[in-house]
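Colleague: Please take a close look at one part of this model. Where are its residues buried, and what covers them?

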Amino acid sequence: MVTLADAPCEVQCGIREFWPEDQWDNAANVSYLESKWDPFAVDDSRDADHPCGAMVRVVDGIDVSAEYSIGIFQINACN
């Protein structure tokens, strides 16, 4: 597990600005798992049969929908 101290300066600044202090290490860890702190990271689970918001699969009883997530924090750009 990574911590806030492991993150690049620009990631640390974003986390400190937008997350409560007791969640800083969690935010750093999740953002690293999702993007490896690559500002150009893209996770595009859309396809011809699954546009933004369409259910793709069920994982552990939870519906997973198609999305187009970008950046360090994998913000869903579908919305």
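Modeller: Helix H2 (24–35) is among what covers the buried residues of H1, where contact means heavy atoms within 4.5 Å. The model is predicted: local features need pLDDT of at least 70, side-chain atom pairs count only at pLDDT 80 or more, and totals for chains, interfaces and linings use all residues. Residues are numbered from 1 along each chain as its sequence is written, and side-chain values use heavy atoms, leaving out hydrogens and water. Helices (H or I, at least four residues) and strands (E, at least two) are DSSP runs, numbered from the N terminus.

H1 spans residues 9–18, and its Val11, Gln12, Gly14 and Ile15 are buried. They sit on the same side of H1, because their arc around the axis is only 165°; that arc is taken over the directions from the helix axis to the C-beta atoms. Cys9, Glu10 and Glu17 are exposed on the other side. Buried means under 20% relative accessible area, exposed over 50%, partly exposed in between (1.4 Å probe, protein chains only).

Now Cys9 in more detail. Its relative accessible area is 56%, so Cys9 is exposed. Cys13 is in no disulfide, a term for a pair of cysteine sulfur atoms within 2.5 Å. The nearest cysteine sulfur to Cys13 is that of Cys9, 4.1 Å away. At 44% relative accessible area, Cys13 is partly exposed.

The structure does hold 1 disulfide. Cys52 is joined to Cys78, S to S 1.9 Å. The torsion about their S-S bond is about -65°, so the disulfide is left-handed.
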